[in-house]
Amino acid sequence: MSDHPMTDPTFLGDPYPAYAALRASCPVQRVPTGSGGRGSYLVTGFEEAREALADPRLSKDTAAFFADKESRRRLHPAVARTMLATDPPEHARLRRLVTGSFTTRAVEELRPFIAGTVDALLDRWSGAGPVDLVAELAVPLPVIVICELLGVPERDRAEVRRWSGELFASGAPDTIDAASHSLAEYMTGLIAAKRSRPGNALLDRLISARDGADRLSEEELVSLGVLLLVAGHETTANFLGNAVLALLRHPAELQRLRRHPAEIAPSLDELLRYDSPVATATFRFTTEAVTLGGTPIPAGEPVLVAIGAANRDPARWPDPDALDLDRSAAGHLGFGHGIHRCVGAPLALAEADIALRSLLTRFPAIRLAVPAEQLTWRRTRLVRGLAELPVLVTS
Ligand code: HEM
């Protein structure tokens, strides 16, 4: 196990050589990591990943997968059983009720708020010393935005952010379980408060969302609220950090976007492809025996789709390790594919567009404060994001 490329300490900083080696040997293969050390099938090829994400024989129902297994995990049920961990037909019903409220127009309406938030955060960047872009922009921006969108009051946001961070970090299982309960209890209280004093935030709209006679149950509402809160900011924070780092390491591209900010939005797909925030694992398991990319997988086996690896597959992307803002990267899997494809993609893209525009315009001299090799990455293979990104902004 210790000599597997994915358990090598260099993997977190740069997983791509290991992904390339694994993909070259077999794009779907058994690896010793994942699912509590029991081993999993890892998908690193683009076509195979796309197929796996859309295959109805692969389930996302984590609760069902772990039901008959020894597990001392005590995640709150609303966190363990979110829409993202639900299969059809239940999934389609939940998703329909959300997408009605989660429209591109709602995101458009949020743009001025996002821009104001970015400006307020960047106003604090003064002085000659290094600024940690992760702590001072990438993390707070999506938290503030998703809280505003959902209707989480300002006074509660720091606490909500801490719980969400604990849920995602690869910390002690007890801490993760406790954070899931804190978040679910918080959401239950917030929904109760909104029922007695309705507002017009997303959560209020979800409370009254209807599809014919159908509406969300109390438990579904809590679960959806927590999912949007958590999914809405961890991934976006990692994307902002990864995208800025990619540009700092490619100064010509950075200057190009600085001079032509209208090109930022069309470049986001390539930035997402190049360093995907959902790196190694989006989990599924086989409900029956399947053959994927020529590899037979028995029923009941965990399958990890390595989105970051698929997005660098040379069979799909010529010169995959190059950042090429002119390439047409629209088919990348950074937001997933199939029925679970990211609901929040328009919001994430709007945040990244606005944040990069302001950052590059206001700080044209932005550069890394330490050599890229010394940067620290978050200690998890599930998502790929920087622990910190120290930059210098004054010339
Ligand atoms: C699903 C990535 C931002 C909410 C997904 C999936 C991916 C993803 C890969 C599918 C996972 C799978 O199939 O297993 C990202 C990335 C983001 C981002 C890279 C930022 C750059 C957001 C935002 C929100 C959000 C801002 C909410 C406001 C969701 C939800 C799902 C989801 C609710 C589940 C959809 C379903 O089960 O039908 N995301 N996401 N995401 N994302 Fe995002």
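Predicted model: local features only at pLDDT ≥ 70, side-chain atom pairs only at ≥ 80, totals over all residues.
View 1. Strands here are DSSP runs of E with at least two residues, and helices are DSSP runs of H or I with at least four, numbered from the N terminus. Residues themselves are numbered from 1 along each chain as its sequence is written. Two bridges connect E4 with E12 (residues 390–392), and the two run antiparallel; strands pair if DSSP finds at least two bridges between them.

**View 2. The open sheet of three strands.** Its order is E4-E12-E11, with antiparallel pairing. E4 (131–132) and E11 (367–368) stand at the edges with a single partner strand each, so one side of each has no neighbour in the sheet.

**View 3. Helix H9 against helix H10.** H9 (residues 157–168) packs on H10 (residues 173–196) at about 140°, with axes 8 Å apart. Axes are lines fitted to C-alpha atoms over the stretch in contact, with angles from 0 to 180 degrees between N-to-C directions. The pair is therefore oblique, the class left over when angles under 35 degrees (roughly parallel), over 145 (roughly antiparallel) and 65 to 115 (roughly perpendicular) are set aside.

**View 4. Residues where H9 and H10 meet.** From H9, Trp163 and Leu167 are among the residues that meet a group in H10 including Ile176, Leu183 and Tyr186; contact means C-beta atoms, placed from the backbone, within 7 Å.

Local features need pLDDT of at least 70, side-chain atom pairs count only at pLDDT 80 or more, and totals for chains, interfaces and linings use all residues. Mean pLDDT (the predictor's confidence in each residue, from 0 to 100) is 91 for the protein.

Key: Contact = placed C-beta atoms within 7 Å.
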